[in-house]
Amino acid sequence: MAKEERFALEIKNSNMCRGNGVAYYGLTVGESRPTRAFLSFENGRELSLTVSELGDFDDCRWGVSAPLLSAPHAISLECESDLVRKDIAPLSLKWFSRWNYRTNGDFCERLRQMDGQEGADFGSVVVVVNESLVEGDNLLVRGSLVTVSESEPQMAARLLDHRGNDLLCEVVIEHPRKSSVDGYPSISRWRAGFSVRVPLSSCDSILCAQDTSREDIGGFFVFDEEYLSHAVSCYQALICSAYDDPRYEEWLFKHRASLSALDIQRGVSFDSEPKISIIVPLYKTPLDFFRQMVESVLSQTYSNYELVLVNASPEEKELFSEIDRVRQSDTRILVVALESNRGIAENTLAGIDASSGDFIAFLDHDDFLEPNALFEYVSAVNARPDTDLLYCDEDKYEDGKFVNPCFKPDYNLDMLRSYNYICHFLMVRRSILDQCEKTSALYDGAQDYDIVLKVCERARYVNHVSKVLYHWRISAHSTAGGVQEKPYADAAGLRALEDHLERQSISALVKTTENAGIYSIAYDLRERPLVTIVIPNKDQIDLLNACIRSIEERSAYDHYEILIIENNSADQNTFAYYDSLQGEHDKVRVETWDGEFNFSNIVNFGVSQARGDYYLLLNNDTEVLTDDFLENMLGLCMRSDVGAVGACLYFPDGSIQHAGMGVYGIGAQHINRNLPRGSVGCFRSVETTQDFSAVTGACMMTKRSVFKELGGFDSSFAVAYNDVDYCLRAREKGYLVVYAAQAKLVHYESVSRGFDLDDPEKSRRLMREEARFRDRWSEYYQYGDPYVNDNLDQFSCHYRLP
């Protein structure tokens with residue numbers, strides 16, 4: 001009897017509560033800690049639970065947390081020879097929890113403190129969910145398994161349904177990384193990253209984690225209906241680009257010029273007031289479209305313009321009559337009457353020939369302008385008198401609504417060579433246009449692309465006016481609904497791009513892509529220079545071996561050497577691997593860096609040992625996915641105007657890790673980070689080769705000459721921001737930094753170095769380097785990134801509205 005009084009276990013209804021997918025139980029027990037706790041499913045399967053010490057709190061010294069499930073289950077406890085089981089009815093638990101929060105809230109809060117300790121109780125494995133991304137019918141979950149242990153843990157995890165059955169969902173677990181625990185110098189915290197795809201259709205899925213080197217020590221995380229719904233909602237809000245945002249029309253009405261602002265503009269005098277000729281080719285234009293277009297021009301607050309209407313459909317009597325009416329209403333309207341339709345390019349030329357403006361602007365017959373469009377352009381010309389081409393942001397107009405805004409970057413040469421992102425509202429200086437060969441019927445459907453490319457070849461300054469001033473109507477008469485509606489326009493654009501490259505003496509093969517209006521360029525490697533692939537490495541030979549094997553197996557370009565920079569490895573197996581590697585592969589060399597870890601210094605040392613004229617800086621935790629990754633990067637890097645080239649990097653789970661970088665808002669941001677597998681990004685930015693302010697040093701190609709000119713990486717950035725700083729210094733010297741969309745690799749981010757924030761000293765170093773970076777490149781924080789439109793959320797990497 002005495003033994004029963006000492007060791008009897010009990011879970012009272014008054015000692016239960018729940019929240020965030022977890023049920024919490026206080027245990028009424030004697031002095032001894034329960035030796036085992038587990039959850040029993042109806043089918044007989046068991047899930048081990050961790051017992052935590054609560055301290056002296058009423059009559060409960062111990063507590064246990066368990067998955068909160070919708071199906072009936074039981075909690076079982078052992079203490080020496082005693083075993084007690086309590087059947088849990090989910091509905092009853094719900095009501096007891098509500099009552100206990102009201103009557104004994106302090107105790108419930110103490111129970112809930114068992115969670116979130118990240119293994120600080122020296123035993124349990126804590127599941128920390130960092131990111132949840134929607135991917136089709138699944139929720140792609142990434143996080144960490146954390147425990148505190150003297151020795152390296154053996155992490156394992158599996159996904160169960162609410163009845164304890166295994167779900168066929170692989171849990172990918174990284175190798176554990178060690179960091180220190182404050183106050184316990186002999187004890188280490190271990191963190192292993194994980195990712196898993198949780199079916200959105202599942203009910204109460206349970207991620208169960210365990211250190212298999214120790215018995216019955218595990219943790220869990222429950223993906224219940226509430227969590228899944230919240231995660232989906234948050235993710236959709238996170239990645240909802242401005243292009244798809246239903247709030248856009250509300251945003252436009254708030255940001256367009258007010259009536260009072262328009263009145264003020266009408267009274268403004270500029271130092272330079274150039275005449276603007278607006279060319280509008282007309283062909284079977286619907287009358288209501290025509291009237292709205294003309295009214296948008298006549299409403300302009302800047303008055304020194306002429307509207308040149310080129311009528312190529314004289315048989316349309318009603319249109320002819322309406323054209324004549326508006327011509328008589330304003331002396332600034334000039335009509336060019338053609339006997340027949342000559343095609344859009346020739347019709348446009350007829351308008352240009354008849355015009356007399358200092359600038360030529362192009363307006364489609366079914367589109368319309370904001371009333372301040374010309375005023376903003378003339379303001380921009382006065383601010384930058386060397387402006388030879390202007391364009392603005394635009395949107396589409398469908399069924400009486402403004403939708404699908406296109407918030408463009410400042411002049412982006414490589415994006416322009418991928419597709420005509422400039423498009424509307426195009427205005428060019430006449431003196432520059434007169435120097436260019438005239439467009440022709442060969443470019444019908446892409447005549448504006450041909451003109452843009454020709455003018456940009458000669459322009460002193462291309463000026464982007466970052467305001468939505470042009471509305472592109474979605475109708476059967478335009479390409480706003482998609483270039484696929486007019487396939488001849490895609491072919492004409494290809495010809496325009498090919499001719500542009502030929503004029504620039506660039507030898508390359510231009511191809512259409514599966515996305516109409518978007519092109520890919522394969523630059524001719526007329527020379528085949530040696531590329532030195534510089535890979536810093538410390539131990540981690542499995543990662544390094546996979547990286548090197550992927551280069552050898554998948555690289556079609558074979559004129560390269562692999563230079564491994566050994567950095568203080570401690571595992572003797574690493575050096576044996578180096579020996580075997582160099583013995584088997586004549587392309588591989590190993591050089592040793594003897595100093596303390598400083599990534600910039602290691603890179604600079606590696607480059608000093610390189611034999612190639614081009615360097616590919618590559619992390620040891622990457623694997624090549626595309627056979628032509630070197631050709632893609634090298635073709636771009638061999639251009640004289642390019643200083644650095646980056647690649648498209650994926651997380652091991654297939655989501656986007658890097659597709660170019662911007663420097664704005666909170667700092668250097670990976671554009672499109674965490675978009676799910678298969679995503680193309682806003683404006684197909686993941687798939688589009690383009691210029692950015694920076695690319696990641698995890699996979700960056702640069703020239704020997706540029707590296708020398710810049711003095712290499714800055715050693716004051718020992719770990720962070722060194723790659724971004726290098727790119728910004730290259731841009732400062734006038735070089736482009738290009739993202740090569742078709743060069744694709746997997747990047748096991750931070751596997752080899754670990755998380756800086758786990759270690760207090762690393763965290764302080766990161767903050768120092770961030771402060772130094774912000775001070776050096778303060779203009780990016782003050783004025784924004786030229787490749788990220790300033791109308792967008794400056795704290796998002798997903799082209800969102802603020």
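**Entry 1: overall**

I take a contact to mean heavy atoms within 4.5 Å. On that basis I looked at contacts in the protein between residues at least 6 apart in sequence, and 74% of them join residues at least 24 apart. The model is a predicted one, in which local features need pLDDT of at least 70 and side-chain atom pairs count only at pLDDT 80 or more, while totals for chains, interfaces and linings use all residues. Residues are numbered from 1 along each chain as its sequence is written, and side-chain values use heavy atoms, with hydrogens and water left out.

I noted a C-alpha trace spanning about 110 × 65 × 45 Å along its principal axes. Of the 802 residues, 57% count as buried (under 20% relative accessible area, with exposed over 50% and partly exposed in between; 1.4 Å probe, protein chains only). I found 22 helices and 39 strands; these are DSSP runs numbered from the N terminus, helices being H or I of at least four residues and strands E of at least two.

**Entry 2: confidence**

I checked pLDDT, the predictor's confidence in each residue from 0 to 100. Its mean for the protein is 89, and 93% of the residues reach 70 or more. Over residues 1-7, pLDDT is below 50, and this stretch has nine contacts in the model beyond near neighbours in sequence. Residues 117-121 also stay under 50, with 14 contacts beyond four places in sequence. Where pLDDT is low, the predicted coordinates should not be read in detail.

**Entry 3: strand S31**

I then turned to S31 (614-618), in which five of five residues are buried. Tyr614, Leu616 and Leu618 point one way, and Tyr615 and Leu617 point the other way. In a regular strand the side chains alternate between the two faces of the sheet.

I looked up the partners of S31, counting two strands as paired if DSSP finds at least two bridges between them. S28 pairs with S31 in the parallel sense over four bridges, and Val534 has Leu617 as its bridge partner. S38 (residues 699-703) pairs with S31 in the antiparallel sense over five bridges; there, Leu616 is partnered by Met701.

**Entry 4: helices around the strands**

The buried residues of H15 are Leu543, Leu544, Ala546, Cys547, Ile548, Ser550 and Ile551. I compared its length with expectation (1.5 Å times one less than the number of residues): the 14 residues of H15 (541-554) should span 20 Å, and the end C-alpha atoms are 20 Å apart, which agrees.

H17 (residues 599-608) has seven of its ten residues buried, including Phe599, Ile602 and Phe605. I found its buried residues packed against S28, S29, S30 (588-593), S31, H19 (704-710) and H20 (722-732).

**Entry 5: nonpolar cores**

I define a nonpolar core as a set of buried Ala, Val, Leu, Ile, Met, Phe, Trp, Tyr and Cys residues joined through side-chain atoms within 4.5 Å. The largest has 84 residues, of which Val531 and Met633 touch the most other members. Beyond four places in sequence, the contacts of Met633 include Leu616, Cys699 and Met701. A second, separate core of 49 residues includes Val125, Leu133, Phe194 and Leu801.

**Entry 6: helix H13**

Is H13 largely enclosed or open? I found ten of its twelve residues buried, so H13 is largely enclosed by the rest of the structure. Among the buried residues are Asp448, Asp450 and Lys454.
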